[in-house]
Amino acid sequence: MGKSEHTGRLKLPKRWEPDLWVSKRPFGLGLVKPHHIRDTFKTVWDNRNNLPYAYRILTQGVCDGCALGVSGLRDQTLEGPHLCTTRLNVLRLNTMSAIPDDVLFADLKELRLLSSAELRELGRIPYPMIRRKGETRFSRLNWDDAMTRIAAKASAVDPKGIAFYLTGRGITNETYYAAAKAARQIGTNNIDNASRICHSPSKTALKRSIGVGASTCSYKDWIGTDVLVFWGSVAANNQPVSTKYMYAAKRKGTRIIVINPYREPAMDGYWIPSIPESALFGTKLADDFHPVNIGGDIAFMHGIMKCWFGMERERAGSAIDHAFVSAHTTGFEELREHVERLEWAELERSSGISQARMEELARLLAAARSGVFVWSMGLTQHRFGTDNISQVANLALLRGFLGREHCGLMPIRGHSGVQGSGEMGADPFSLPGGEFASVADRARIEKLWGFRLPEWQGDIVGVSLQNALLPDGQERKLRLFYTSGGNFLETMPDPEHVRRCLEAVELRVHQDIILNSSMLADAAEEVIVLPAMTRYEQPGGGTSTSTERMVYYSPEIAGPRVGEARPEWDIFGELAERITGGPGRNGERVERSDDGKFGLKAVTTRFGSADAIRQEIAAAAPYYEGIQRLGKRGDVFQWGGAWLCEDGECPTPDGKGRLLPIPLPDVRRTEGRMYATTRRGKQFNSMIYGERDSFNGADRFDVLLSEEDAGRLGLRDGDAVVVRNRNGVFHGRAKLAPVAQGNVELFWPEGNVLFERGVYEPSAGIPEYNAAVIVERADIFYAAKDSRHEIALAEADAEWDMNPPD
């Protein structure tokens, strides 16, 4: 933990800087760009039946969009108001009325015709519902019956066959903590959260490289750093308020570098609505782009280090911060030997970047006195995601970009609550303030909670879902799946396989504020839907942890309440109470009884208030000391101080960061195939808010590829194409774009049909969201398909002639 504290907000310069303008056309008229004014008016119109409440949410609550941590219209980085279209889009989730009964209890055939966006627009879930096997519509259920049914099922099955999942949908630290405690009291360690499919490799890699699993710096460190590097992150698209920090950084002379297969227009230039100069003329953000191959980042970073070691041979100290490396790292010689054995030709082939361009960035970084490295899913969503992040850490350690002002490592979060999910213990590998594998942490939590924890290692959510297809009798066969938010049909590879898994679960519980398509999937026995409150409705308010470790208090906001919705932390507490027999008696884990059941004696898990949860969080997670004092609008603290690993001191056993020799991954690029990945556009995570990307004009089924690849394939802009591999087939249209040759980009989650199920990163468990594919004109594909079909028919006829049926 650091000693220094965050020093507060900075002021933006008042003088305009025309050299940074994107265009002299006012508001970028005629250009492909977001239309913030139009979108703002649309938000007003969408919330017209609840405008006073919407206004209070925006001005009093902590943003439930991305994890930049805007409280009301203010943050801790810059003075002035902050508001973005992402927050405005999400706003409607909080102000909608209840879904009318005639819609809610309609035949599933009608509901299944609606997209998730259309289901979302129906309104809020007002009360508990149930749909038993064979039933074609939901029916209403009271809370007591719903909880009784869930508790009875949980009590009847082996806890290893129970799994919990919590999304990042505005969920507070209080809910994550209550769920983590309830799951362990029930007897299961199968509990996971949304970071599994976004930043789990970041936490895992940072833990092994520098001993911490969070951003080491603050957004304020962007402003005035020499170099700000975005690795596989399109912050301008996914965290729009961050463009304001980029603007401030540019005005301080910071160079912004983007490493990404696609030259994202949002990072090239952006019209920042809360800065008059930028709102009128836009702001040039990136100073340089490096179009690295999908999966080529490790090779690219090896090239940078190889150049550094070459510079060092010519003049010691010209590239490596030897004082920092000597005092604060281990493994330098092993890393140097590993890198110097690599051939430039191999690094160029893997990265798709020339040696000259790699050396160009290497010399820029070597000359920089400070640097901040920011990354997102472009680095994490690989089967080698943890290695990607440790490689970034290698670069920072070699240059000493750690533990001081304007330096650091930042996995930028796309969900407002997900940073706190693992820190609260809603993770199979984590406990509040510690690790499940740590004997000391387990003993500490058992003493606080008053019961023994499950001793077995829980599964990540993807494995839990697959376990639904295990044969009967297997102890880990998933029989009860309890999910707070989330829609795995639209977030995981191979959606149809996911559907089979969901429908094989005996009891599925969906706790949420809105309907989504996964709720409409059948179950082996029954589906129960529970209505949840938003963070703004929860009595006693709640807290969320931002990317930069700021813990914000978001108050309960006066306004309408929907039906029988309840605070999520209370639902989890009651469930554990019912399953384990009631509150107030500390107990111990009991062994399997003669009838095969397994459980715990009763302990108290049900909290009386949100404040009581915060009091316990402070005791359970020592670095969250201070959360118990948050209780009014504007309250905030930053755990760990301004910089983790301050002065280079890492919380590792020897106090040093680890330089690791990272192997080059095999991305299996073969002749005639391209490599595919996904991107986001006009959406918040998997929630889509428009069919056309406001930054590049692409439709949801457009396939982005380079002009060179299009020419080679005989494609023109707008041609119908088929992208296929052994996992699936994607039908779309070619869109020519500045994408690295040999690579294609599709929108997420539409492109998930192309990714192989069951492929997880071995250290962090994130699914693989990249694949080798064949791209071809649709007419060629269908002609070949017809030929294959005729051949198959001819072979079948021949088989019939040779072996006629009896």
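A: UniProt, in an unreviewed entry, lists residues 124–578 as "domain: Molybdopterin oxidoreductase". UniProt positions are given in the numbering used here, feature names are shortened, and annotations may be inferred rather than shown by experiment. The model is predicted: local features need pLDDT of at least 70, side-chain atom pairs count only at pLDDT 80 or more, and totals for chains, interfaces and linings use all residues. Residues are numbered from 1 along each chain as its sequence is written, and side-chain values use heavy atoms, with hydrogens and water left out.

Over residues 124–578 the chain is 40% helix and 16% strand. The end C-alpha atoms of this stretch are 27 Å apart. Helices (H or I, at least four residues) and strands (E, at least two) are DSSP runs, numbered from the N terminus.

Start with the sheet. Five strands form an open sheet in the order β9-β6-β5-β11-β12, with parallel pairing. Its edges are β9 (288–290) and β12 (408–411); each has a single partner strand, so one side of each is left without a neighbour in the sheet. From one strand to the next, the twist averages 20°. Two strands pair if DSSP finds at least two bridges between them. Strands of a sheet pair through backbone hydrogen bonds, either parallel or antiparallel.

Look at one of these pairs. β5 (residues 227–231) and β11 (residues 371–375) run parallel and are joined by 5 bridges. V229 has F373 as its bridge partner in β11.

α14 (residues 297–314) lies across β5, β6 (255–259) and β9. It runs at about 150° to β5. Axes are lines fitted to C-alpha atoms, for helices over the stretch in contact, and angles run from 0 to 180 degrees between N-to-C directions. Contact means heavy atoms within 4.5 Å.

α14 also packs against another helix. Two packed helices are described by the angle between their axes and the distance between the axes. For α14 and α18 (residues 355–367), the angle is about 65° and the axes are 8 Å apart. The crossing of α14 past α18 is right-handed. α14 brings A299, F300, G303, I304, C307, W308 and M311 to the contact, while α18 brings M358, E359, L361, A362, R363, L365 and A366. By class, this contact of α14 with α18 has 11 nonpolar, 1 polar and 2 charged residues. Ala, Val, Leu, Ile, Met, Phe, Trp, Tyr, Cys and Pro count as nonpolar, Asp, Glu, Lys and Arg as charged, and the others, Gly among them, as polar. As for handedness, a crossing is left-handed if the near helix is turned anticlockwise from the far one by less than a right angle, and right-handed if clockwise.

α18 meets α17 (residues 344–351) as well. The two axes come within 10 Å and cross at roughly 90°. α17 and α18 are therefore roughly perpendicular to each other. W344, L347, E348 and S351 of α17 make the contact with Q355, M358 and E359 of α18. The contact of α17 with α18 divides into 3 nonpolar, 2 polar and 2 charged residues. Angles under 35 degrees count as roughly parallel, over 145 as roughly antiparallel, 65 to 115 as roughly perpendicular and the rest as oblique.

The axes of α22 (residues 439–449) and α26 (residues 610–620) come within 10 Å and cross at roughly 150°. That makes α22 roughly antiparallel to α26. Their crossing is right-handed. α22 contributes R444, I445, L448 and W449, and α26 contributes E616, A619 and A620. By class, this contact of α22 with α26 has 5 nonpolar, no polar and 2 charged residues.

One backbone detail comes next. Most residues other than glycine have a negative phi, and most peptide bonds are trans. R549 is not a glycine, yet has a positive phi of about 75°. R549 lies in the loop between β18 (542–545) and β19 (550–554).

Further along, UniProt, again in an unreviewed entry, lists residues 676–771 as "domain: Molybdopterin dinucleotide-binding". The chain there is 7% helix and 32% strand, with end C-alpha atoms 5 Å apart. β26 (residues 720–724) and β27 (residues 729–736) run antiparallel, joined by 5 bridges. They form a hairpin with 4 residues between them. V722 stands opposite H731 in β27. β26 also pairs with β29 in the antiparallel sense, over 4 bridges. V721 has R777 as its bridge partner in β29. The peptide bond from W748 to P749 is cis, with omega near 15°. P749 sits in the loop between β28 (743–747) and β29 (771–777).
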